[in-house]
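Biologist: Could you put the model up? I have a few quick things to ask.

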Amino acid sequence: MMIDILNKLIKDNNGYVSTAHAVEANVSKVDFLKFLKNQKLLKVAHGLYMSESVWQDDFYIIQYRYPKLIFSHESSAYLWGLSDREPFHHTVTMRSGSGSSRLTKEEVKVYKVKEDLLNIGMVRIVTPFGNEVQTYNLERTFCDYVRNKKNIEIQEFQSYIQEYFRCKDKNLNQLIQYARLFKIEDKVRTYTEMFI
């Protein structure tokens, strides 16, 4: 019975199970530890385990470890399918004042913004491995690219801008609204005039 519950949790979570999920399902920690040992699950983060039969989803693992961060910039472009290659280093945005030294040591590129700007354009999206994470919508990602142009490879920058304007899901009104909030309206209008 307990094994069935845990196997269902693993299946429902794309090969991952956490101690919190097990406890929520009324599985004792002792039984959960026995299951982990018998099933040879891999520990990928504190309290998070992965089946050997699935590919490791770094987006999901990072999100699990840091639930308040939001994938942004190059990582967001990749998650939306507007970048043809997975980023060498994940890019995230956090609230100013948040500790990020562990992420930086793990070669995650961290941007920080004021708390009132953090959640603007935040959405949930499914990774290529089927797990849900937080990222920014297309328009917020566009603004992040423009705001941080000097920190992004020129080819990556140009590619995203061009792909955005080809995208049928773009929302130009929202793009201009965000550009005003981030005080980059003139720069964004320049790109819209070039590509429309």
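Modeller: It is a predicted model. Of the protein's 196 residues, 46% count as buried.

Biologist: What about secondary structure, how many helices and strands?

Modeller: There are 11 helices and eight strands in the protein.

Biologist: Which residues touch the most other members in the largest nonpolar core?

Modeller: Phe142, Tyr160 and Val188 do, in a core of 28 residues.

Biologist: Which helices each supply at least two residues of that core?

Modeller: Helix H7 (115-118), helix H8 (138-147), helix H9 (154-166), helix H10 (172-181) and helix H11 (185-195).

Biologist: Take Phe142. What is it in contact with, leaving aside neighbours within four places in sequence?

Modeller: Phe142 contacts Tyr160, Ile161, Tyr164, Phe165, Leu175, Val188 and Tyr191.

Biologist: Which residues are in the other core?

Modeller: That core lies apart from the largest one and has 13 residues, among them Tyr66, Phe71, Leu79 and Val108.

Biologist: Back to contacts overall. Of those between residues at least 6 apart in sequence, what share joins residues at least 24 apart?

Modeller: 52% of them.

Biologist: Charges next. How many positive and negative side chains?

Modeller: The protein has 28 positive and 24 negative ones, and the centres of the two sets are 5 Å apart.

Biologist: Last one: what box do the C-alpha atoms fill?

Modeller: Roughly 60 × 35 × 25 Å, taken along the principal axes.

Note on methods
Residues numbered from 1 in each chain as written. Predicted model: local features only at pLDDT ≥ 70, side-chain atom pairs only at ≥ 80, totals over all residues. Heavy atoms only, no water. Helix = DSSP H or I, 4+ residues; strand = E, 2+ residues; numbered from the N terminus. Buried < 20%, exposed > 50% of the residue type's maximum accessible area, 1.4 Å probe, protein only. Contact = heavy atoms within 4.5 Å. Lys, Arg positive; Asp, Glu negative; His and termini not counted. Charge placed at Lys NZ, Arg CZ, Asp CG, Glu CD. Core = buried A, V, L, I, M, F, W, Y, C linked by side-chain atoms within 4.5 Å.
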